[in-house]
Every structure is written in C-alpha cells, then in structure tokens.
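Subject: Structure for your files

Hello,

Here is the structure, with its sequence. My notes come after it.

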Amino acid sequence: MTRTAGAQIGCQRPSRFWGLGCPKIYHEAEDTLVGYDSYRRFIQLFGKVALGIADELFDEEFNKVKERAHVTEDVDLSADNLRDISERFLAVVEKATGRPFPEDPYAASHGERSEGW
C-alpha cells in the first residue's frame, strides 16, 4: 500500500502491518459483523500478548455484553454488540496501561513492547 492509500482511510503510517491498528478499516468493513468481530479479537490478542493484559479483564466485558443481549452463544451477538465489545476492550487497554490502544502499527510494532516481546 502506498502512503496515499493509507491516508485515504485515515491511517497514519501504512506498513506491512497496514490495517491492523487502523480501526477505520473495521468500522467500514462491508460486513460489519465480521469487521467488529475481527477488531475485538485483535484488540484482545494485542492487549494480551504485547501489553500483558490478563484475558480475564477482556472476558468480563465480553460476558457483560452477552448478558445484556440475552444470548448464551457468541455467534448470536449482533454487529452492534460486537462494536460495544470492541469499545469496552479499548477501555480495558487504556485502564490497564494508562494509554489508549495504539492506532499506529509502526509505533506498536517498534516502540511500546512489554517484557513478553
């Protein structure tokens, strides 16, 4: 991808990880259910592996949304539910680290790393 392509969708710095840290891609996906499901999974995995955040913190928020939606199976969640989960996961990251979720994949892959990296 070129810098122009990345700039057109609001990403700061295209790289080989282009798109992973760019929430606009997930918000504007043709299939919003798949887009938000991918985004919440990415936030949780990055939070767990790169930032050292306990899975339980994400699980608590996930289960709160399932309860509020009156569903027992993950597949029964709507795109709106998954968007809510994504927003809650972003809040988990910020609360646990004191910083917002990194949107710049270059900075995320070259700067702030936990001891696990």
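First, the basis. This is a predicted model, in which local features need pLDDT of at least 70 and side-chain atom pairs count only at pLDDT 80 or more, while totals for chains, interfaces and linings use all residues. Residues are numbered from 1 along each chain as its sequence is written, and side-chain values use heavy atoms, with hydrogens and water left out.

Salt bridges

The whole structure was searched for salt bridges, and nine were found. The term stands for a side-chain nitrogen of Lys or Arg within 4 Å of a carboxyl oxygen of Asp or Glu.

One of them joins Arg40 to Asp37, at 2.9 Å from N to O. Both residues belong to helix 3 (residues 32-49) and sit three residues apart, about one turn of the helix. Helices here are DSSP runs of H or I with at least four residues, numbered from the N terminus. Arg40 is buried, at 7% relative accessible area. On this scale buried means under 20%, exposed over 50%, and partly exposed in between, using a 1.4 Å probe and protein chains only.

Lys48 pairs with Asp55 in another salt bridge, where the closest N and O atoms are 3.3 Å apart. Lys48 is partly exposed, with a relative accessible area of 42%, and Asp55 is also partly exposed, at 25%.

A further salt bridge connects Arg68 with Asp84, at 2.7 Å from N to O. This pair links distant parts of the chain: Arg68 is in helix 4 (residues 55-69) and Asp84 in helix 5 (residues 79-97), 16 residues apart. Arg68 counts as partly exposed because its relative accessible area is 48%, whereas Asp84 counts as buried because its value is 16%. Arg68 and Asp84 belong to one network with Glu61, Lys64 and Arg88, joined by salt bridges that share partners.

Val92

Val92 is buried, with a relative accessible area of 10%.

Which residues does Val92 touch, leaving aside those up to four places away in sequence? They are Ile53, Leu57, Phe58 and Glu61, where contact means heavy atoms within 4.5 Å. Ile53 is 39 residues from Val92 in sequence, and their C-alpha atoms are 8.5 Å apart in space.

Regards

How values were computed
Helix = DSSP H or I, 4+ residues; strand = E, 2+ residues; numbered from the N terminus.
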